[in-house]
Amino acid sequence: MSVNKVILIGNVGKDPDVRYLDNHVCVANLTLATTERGYTAQNGTQVPDRTEWHNLVFWRGLAETVEKYVHKGDKLYIEGNIRNRSYDDQNGVKRYVTEIFVDSMEMMSSKSQPRGDSRQDSVPSQPETGNSGAPF
């Protein structure tokens, strides 16, 4: 038996990058920051905050929800799984990317509003769920 499950709560680093593939499937990418708070050890040593950046990938209906409601600075709760991939960059150097393919999301920021709409009551109150996976 094996498990590939990720749960993160963090802040969106920039507005989502949303695109539609040829077959009209929506995909959204964004970065999420999670921070472990620093502390002072008993001997007086200061340990600073540690921020990790995560690359998130949303597909289909969940990506459309991200496009409409998620903004830079919003706090999100997400569940998904880790996927690693590699590619060759413009100079032929092999690059490696770790991404979280999101299965479900809950918007935790009270300021999340649809793009172009200032009405607070138009934000869904239930967690949004969607499919992850390839566009095929």
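Me: With which side chain does the side chain of Thr-34 make a polar contact?
Reply: The model examined here is predicted, so local features require pLDDT of at least 70 and side-chain atom pairs count only at pLDDT 80 or more, while totals for chains, interfaces and linings use all residues. Residues are numbered from 1 along each chain as its sequence is written, and side-chain values use heavy atoms, with hydrogens and water left out. A polar contact is a pair of N or O atoms within 3.5 Å; within protein, one must be able to donate a hydrogen and the other to accept it, and residues adjacent in sequence count only if both atoms are side-chain atoms. At 2.8 Å, the partner of the Thr-34 side chain is the side chain of His-54.

Me: Is Thr-34 buried or exposed, and in which strand is its place?
Reply: Buried means under 20% relative accessible area, exposed over 50%, and partly exposed in between (1.4 Å probe, protein chains only). Thr-34 has a relative accessible area of 16% and is therefore buried. Helices (H or I, at least four residues) and strands (E, at least two) are DSSP runs, numbered from the N terminus. By that numbering, the place of Thr-34 is in strand β3.

Me: Leaving aside its neighbours within four places in sequence, with which residues is Thr-34 in contact?
Reply: Contact means heavy atoms within 4.5 Å. With neighbours within four places in sequence left aside, the residues in contact with Thr-34 are Leu-8, Ile-9, Gly-10, Arg-50, Thr-51, Glu-52 and His-54.

Me: How many salt bridges are there?
Reply: A salt bridge is a side-chain nitrogen of Lys or Arg within 4 Å of a carboxyl oxygen of Asp or Glu. One of them joins Asp-89 and Arg-95, whose closest N and O atoms are 3.0 Å apart. By this rule, the count is 5.

Me: How many residues apart in sequence are the parts that the pair of Lys-5 and Glu-79 ties together?
Reply: The closest N and O atoms of the salt bridge between Lys-5 and Glu-79 are 2.9 Å apart. Lys-5 belongs to the segment before β1 (6–12), whereas Glu-79 belongs to strand β7 (residues 75–88), so the parts tied together are separated in sequence by 74 residues.

Me: How far apart in sequence are the parts that Asp-49 and Arg-37 tie together?
Reply: Asp-49 and Arg-37 form a salt bridge in which the closest N and O atoms are 3.2 Å apart. Asp-49 lies in the loop between β5 (46–47) and β6 (50–59), and Arg-37 in the loop between β3 (26–36) and β4 (39–40), so the parts tied together are apart in sequence by 12 residues.

Me: Why do the buried residues of α1 line one face of the helix?
Reply: In helix α1 (residues 60–69), the buried residues are Leu-62, Ala-63, Thr-65, Val-66 and Tyr-69. The arc considered is that of the directions from the helix axis to the C-beta atoms. The buried residues line one face because, seen down the axis of α1, they fall within an arc of 155°.

Me: Over how many bridges do β7 and β8 pair?
Reply: Two strands pair if DSSP finds at least two bridges between them. Strand β8 (residues 94–107) pairs with β7 in the antiparallel sense, and the number of bridges is 13.

Me: In which loop does His-24 lie?
Reply: Most residues other than glycine have a negative phi. His-24, although not a glycine, has a positive phi of about 65°. At 67% relative accessibility, His-24 counts as exposed. His-24 lies in the loop between β2 (17–20) and β3.
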